[in-house]
Every structure is written in structure tokens, then in C-alpha cells.
Amino acid sequence: MYTRQNEKNKALTFLTEKQNVFIESGLGYGLSDFLYSIADAMDFDDSALIQIDLSEVISKKQLESKIKTDAGADISQIIFHYISHHDEKIILHFKNCSNDLDEDAVSYLRSLTNQISSTNPNSIIVFSSDVFIRAFRDISVKLDSLSYNEVSLILKNRFEERTFSHEELHSFHTLSEGIVKKLDRIIYYLDDASAQDVIEKKSLFVGVSYFETISEKTLKQIETLKTSTSDTLSFTLIKILSILKNGESLKNITKSKIGRDIDLDNIKKIVDMGIAKTIMIDNNTHIAKINPIVKDYIISGMQIEEINAISSEFLNITIVETKDGLKINSTNRRVLEQGYSTEGDNGCYLLVRNIFECKHNLDKFVDTPEEYERHLRHLSRLSTLSLRYVYALKNACVYNEVISSSLELLEAYGDTPPPHYYKYYLFIASSFRILGKYKDAKTYLEKCLNTCPSDDKPTLSECYVQELYLLEKTDEGKAIELAKRRKKEFRTSSIAHIVSDSVLSLNKPKQERIKSLTSLVRKSRKLNFHTLANNISLDLNKERKPQDRISSLDEVLHYETSSYNQCRALLVKYETFEENNMLENIQDEDIAKLRNVYNYLFNQRFDHLFKRCHILLWKIAEYRKNLDIIFMIYYKGQTIWILNNDTESEEEYSERFISLLN
């Protein structure tokens with residue numbers, strides 16, 4: 001399977017060329033499984049394995065003593081044995097290397113590699129740690145938690161006979177948090193239960209210790225932070241990040257009352273301990289993110305009042321209400337836009353926490369009518385905030401997050417749905433349609449139509465537009481019939497009326513259709529419906545000759561703020577270059593844009609557009625003889641081909657990949 005294939009190939013290269021590798025792997029990220037896959041690939045799966053735990057080692061003297069304790073022999077005896085038995089295979093694993101290792105200890109470790117490899121070509125040495133150690137940067141491979149696509153791939157491989165829905169896969173990724181041991185627990189239950197049964201099991205992880213992965217040293221360090229008055233701020237930071245499980249920037253942390261005095265030293269301290277990491281989202285944005293296993297451990301020791309207090313305070317920092325409307329704070333918006341494989345931003349998680357707290361207060365802790373009214377007003381505010389938040393996600397073009405957040409929020413409200421809850425169904429339907437999942441889109445559109453009040457004309461109008469778009473993809477005849485029947489219900493200056501005319505143009509001869517769509521683009525621009533104008537313009541481009549497309553696509557890119565439409569326009573633009581044999585005109589900055597498009601389409605699972613982008617980038621890479629691009633897109637492409645059962649593409653690109661390497 002193609003999970004972590006880039007990391008695996010990098011590790012195999014280091015082991016083949018140098019016989020040693022350093023693997024940075026967070027707690028619970030599946031280091032053991034990764035090492036097994038490497039050993040299997042090198043035919044070392046039945047070799048001797050010696051593991052030396054260096055979690056408490058700092059000096060060379062301690063290192064020599066630890067080798068003797070864990071291996072049962074000192075290093076000279078080990079080296080002598082493998083000189084005498086140089087045909088024996090051995091894996092020597094120095095695990096839990098500390099960031100505190102002194103220079104002598106590191107130099108000694110690196111020299112061992114040369115001594116053992118020079119005497120036994122069948123030996124490999126692995127160093128591993130939950131932190132990055134600069135001394136090993138020349139042989140370093142980094143493992144992260146499993147992404148949504150990797151979780152999907154593992155489940156597909158494990159349960160070949162079963163099909164999981166989009167919502168179920170997102171639930172499994174959210175529940176597991178990309179942690180291998182948690183995913184194993186999910187798989188354990190899936191062997192004998194339906195996906196929904198597993199998702200709804202409240203005690204899924206109860207009674208299972210996920211903390212045994214945490215070393216004794218780290219547990220002691222956490223306890224020291226907890227009890228030491230000089231480390232109060234660092235422990236406060238750990239608690240904040242445990243609630244903000246998807247990470248946060250130092251700038252936003254210090255906006256809170258509880259975190260206002262936290263500084264970079266506190267972040268560095270917990271990163272060096274290996275319980276958190278920093279993620280560079282872009283040149284101006286870094287976030288700190290706690291390890292999910294440590295998060296569970298910390299939360300298990302927190303009082304619910306403290307959890308609720310942090311959740312309440314950071315909700316207003318994460319989702320900002322201004323006079324111009326609701327905004328997701330800039331850091332969390334960048335997390336979403338860059339498609340980094342956290343589980344999205346913190347907005348939905350904090351909203352759900354606050355909704356649960358408010359509902360609990362209404363049920364249990366109301367002494368006076370005034371207090372009841374206060375909690376009721378707060379719940380009303382949260383319901384408004386939730387809907388506006390999902391709308392902001394939709395505008396950010398992160399459609400998977402729209403779906404998962406809508407479903408989580410609806411579940412949080414339970415049997416007492418908020419006002420306008422039917423709009424969540426519309427957001428879900430629209431997102432599924434854009435993602436190309438038309439059956440799911442139809443299901444949720446029908447849910448919206450069945451629950452939307454007859455006096456909510458704007459929502460019903462949006463439903464009509466979505467129905468037209470959906471039928472346009474699935475049954476053009478029905479789309480045209482619907483547009484003919486209902487077009488006159490809407491004002492001529494409305495989006496619904498313009499979309500109706502766009503659909504009706506499908507029935508016209510080519511030149512008449514071009515004329516009609518061109519007129520609709522001008523009309524939409526005049527009414528400031530720029531996204532609609534761009535959608536029509538992209539449809540219009542299909543009717544134009546390749547050489548006439550570029551200027552109109554540049555116009556789309558000039559007006560467009562939607563990431564999705566920008567990606568569509570850029571893809572068509574560079575496809576046009578390729579169709580006209582103009583690959584030499586595609587510059588480095590164009591390739592950088594296309595790589596961003598490729599990653600966005602991969603993360604959001606726009607499978608049809610992804611395939612087109614893959615084909616285009618592969619042609620460009622072949623033309624330029626750029627193996628970096630080939631490696632980047634090959635494994636991501638294989639992931640999508642396998643998930644979609646696209647055996648033809650999987651085999652085609654495997655053959656082309658092997659051919660290029662040879």
C-alpha cells in the first residue's frame with residue numbers, strides 16, 4: 001500500500017547508501033509498523049533485532065552502560081560477534097534518543113555506525129526519537145500522524161469487501177486523530193460491527209491505555225511542569241494546546257487571559273520534550289500542536305470547569321465576530337487554506353464544546369428564571385455563530401470541513417435542533433455536489449427541501465439553484481425541463497434566473513450558446529455576481545477554441561476569490577498551453593501554482609479535477625525531466641487510484657514511473 005511511501009523510500013535510500021537512518025516519530029505515529037515495513041522491503045524481516053532505549057541517556061558513559069544493559073553485552077562484544085558472523089543480518093535500534101544527548105554521546109553513536117557497517121554489510125542501524133535532533137539531520141526521516149487519505153487507504157485495504165461513506169471515513173479519521181493505535185482499536189471493533197455502531201460507541205477507547213507509549217522520562221517531565229512554580233506557564237500552555245487539539249499560533253495564544261504571559265521559551269520547552277511540535281503553515285505562520293496521546297493524558301487529569309473555561313475563552317479568539325460579519329482568525333484560516341493535515345481548524349471543536357456546556361447548564365444548573373434565560377440566550381448566540389461559521393468554511397472552499405463540521409454541530413444539538421438547522425443540509429448538499437458526490441448531494445438537498453419552511457424564500461431559491469447544478473451533471477434533460485418550468489418564478493436580476501438561462505443554453509446550437517453565455521457573463525458582472533460570472537465563463541471556455549481561452553481565464557483569475565474556481569481556472573489555463581504545444585511557456589512560478597492546485601485537489605478529494613491535474617503535471621515533469629515533481633505526484637496519485645478502484649491509472653503510472661527511473 002502507498003501510505004508513507006515517500007518516507008519509506010527516503011529511509012530505504014539512507015539505509016542502502018549509509019546503513020543507518022534517523023526517524024523522527026511522534027508518540028503513537030506508528031514507528032514500529034514503519035520499521036517493520038522497511039525491514040520487510042530490505043528482506044530483513046527475520047533478522048536479529050537489538051533495541052537500546054536511550055530515553056534516560058545523556059553522556060557517553062551512560063550510553064555504554066545502557067548498551068550493555070539492554071543488549072546483554074558491551075559494544076565491543078557485539079562488534080566482534082558480527083565480524084565473526086558477517087553473513088548474519090542485524091537491526092540495531094537506538095530508540096527514544098534524547099534531545100539532551102551531549103556531543104560525545106552523539107559522536108560515539110555515529111562512529112558505531114561506521115564500525116559495525118564496515119565489519120558487517122548485513123547490518124542496519126536505526127536511531128529514533130519523538131523530537132528532531134540536529135546531529136542526525138543528514139539521515140533524517142520524519143513521520144507525521146496519518147492523514148485522512150492514509151486512514152481511508154488502510155481501511156480499504158483491511159476491509160476490501162466493505163464500502164465506507166464519506167462521512168464514516170471522516171469520523172474514523174477524527175476519532176483516531178491519525179494515531180495508529182487508536183485506528184487499530186477502531187479496526188478491532190469494525191471486524192464485528194457496522195461503521196455507524198463503532199462511531200456511536202461512546203466508550204470506544206475506555207479501558208485501553210494509550211499512555212504506555214509515553215516514556216517514563218516524559219511522564220516525569222510533565223509532572224515536574226505541573227508541580228513546579230517556575231514552570232506554571234509551560235504547563236498552562238500544555239493544557240491550552242490539549243483543548244486546541246489542532247494547534248494554535250503563539251500570537252493567538254497570548255490574546256487570551258490565561259495565555260497572555262506565555263512566550264516562545266515555553267513553546268520551545270515542550271517541543272524539546274517531544275510532547276508538541278511546531279508546524280510551518282507559511283513563511284509568516286507557525287502553530288504549536290500537541291501530540292494526541294499527550295492531549296488525552298492531560299485532559300484526563302483536568303477538571304471539566306477548566307476545560308470549559310479554556311474552550312469558552314478561545315472560541316472568541318478562533319471565531320471572530322466583527323461589524324462586517326464573522327471571520328475565522330487568520331491563523332486558523334491559513335491552516336484550512338494550506339490543507340495541512342490537522343483535522344481542520346479549531347472552530348467546530350470549540351463550538352461543540354461550548355454547546356455541550358450550555359445544554360448541560362440548562363439541564364442541571366439553573367437556580368433562577370434569570371439564569372435560565374441567560375443560558376438560553378447563550379445557546380441562541382451559539383446556534384447563530386455555528387451557522388455563520390459553516391458558511392465561512394464554505395466561502396473558504398474547504399468542502400470536506402463544511403460537511404464534517406455541519407454533521408458534528410447537528411449531532412451536538414441532538415433532539416433540539418437550532419433555528420434554520422435545515423440550512424446545514426443545504427451546505428452539505430452543495431459541498432457534496434462540488435466534490436462530485438452527486439448521490440450524497442441529492443440526499444441532503446432533499447432533506448433541506450423537506451424541512452425548509454415555505455416562507456424562507458432565499459433558502460428555497462438556493463435549493464433550486466443547487467438542484468439545477470446537480471441535474472446539469474446527472475440529467476441534462478431534467479435540468480432543462482426544470483429551468484423552463486420555474487425560471488419565471490424569479491426576478492430577472494436574480495442568481496436563480498441567470499442560472500436558469502445558463503442551463504437553458506444547453507439546448508441551443510453552439511454559436512447561439514456562446515452568444516447567450518457571453519451575455520450572461522456580462523450581466524452577472526454588472527450585478528456583481530462575480531463567482532456566478534466566473535462559473536459561466538468556465539463553462540463558456542469549453543465551447544471556445546484553445547487559443548481564445550487564455551484572456552477569459554485571466555479575467556476569471558482577476559475577479560475570483562474562491563480557491564476552488566481559481567484552481568479550476570489555473571488548471572484549464574495550463575491545459576490550454578499543453579494542448580497548443582506551449583509547454584516551454586510554462587515557467588517555474590506556473591509550476592509552483594500548479595503544485596498548490598494539485599495539493600488542494602488531493603486534500604479536498606476533487607477526484608476528477610485531481611486526475612486532470614495529475615496528467616498535466618506529469619507531462620510537464622516529463623518535458624522538463626523533473627523527477628522531483630514525478631516523485632511528489634506519483635505516490636499521491638497512487639493513493640487516489642487505489643481509493644477509487646482505478647486499476648487502469650494505477651497500473652499505467654506504475655509502468656511509467658518504473659520506466660522513468662530506469
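**Figure 1. Salt bridges across the model.** Welcome to this structure, in which 26 salt bridges are found. Please keep in mind that the model is predicted. Side chains of opposite charge can pair when their charged atoms come close.

**Figure 2. Lys182 and Asp296 join in a salt bridge.** Here the N to O distance between the two side chains is 2.6 Å. Which parts of the chain does the pair link? Lys182 sits in helix α8 (residues 180-190), while Asp296 belongs to helix α14 (residues 292-300), so these are distant parts of the chain, 114 residues apart. Are the two partners buried or exposed? Lys182 has a relative accessibility of 4% and therefore counts as buried. Asp296 is buried too, because its relative accessible area is 18%, under the 20% limit. Look around the pair as well: Lys182 and Asp296 belong to a network of salt bridges that also includes Glu177 and Lys295.

**Figure 3. Arg485 pairs with Glu481 within helix α23.** In this salt bridge, the closest N and O atoms are 3.1 Å apart. Arg485 counts as exposed because its relative accessibility is 52%. Glu481, at 41% relative accessibility, counts as partly exposed.

**Figure 4. A salt bridge brings Asp539 and Lys542 together.** Their side chains meet at 3.4 Å, N to O.

**Figure 5. Helix α28 crosses helix α30.** At what angle do the axes of these helices cross? For α28 (residues 563-579) and α30 (residues 607-624) the angle is roughly 40°, and the axes come within 10 Å. That angle is why α28 is described as oblique to α30. The crossing of α28 past α30 is left-handed. On the α28 side, the residues in contact are Tyr564, Arg568, Leu571, Val572, Tyr574, Glu575 and Glu578. They meet Leu609, Arg612, Cys613, Leu616 and Lys619 of α30. Sorted by class, this contact holds 7 nonpolar and 5 charged residues, with no polar ones.

How values were computed. Residues numbered from 1 in each chain as written. Predicted model: local features only at pLDDT ≥ 70, side-chain atom pairs only at ≥ 80, totals over all residues. Heavy atoms only, no water. Axes fitted to C-alpha atoms, helices over the stretch in contact; angles between N-to-C directions. Helix = DSSP H or I, 4+ residues; strand = E, 2+ residues; numbered from the N terminus. Parallel < 35°, antiparallel > 145°, perpendicular 65-115°, else oblique. Left-handed = near helix turned anticlockwise from the far one by under 90°. Contact = heavy atoms within 4.5 Å. Nonpolar A, V, L, I, M, F, W, Y, C, P; charged D, E, K, R; others polar. Salt bridge = Lys/Arg side-chain N within 4 Å of Asp/Glu carboxyl O. Buried < 20%, exposed > 50% of the residue type's maximum accessible area, 1.4 Å probe, protein only.
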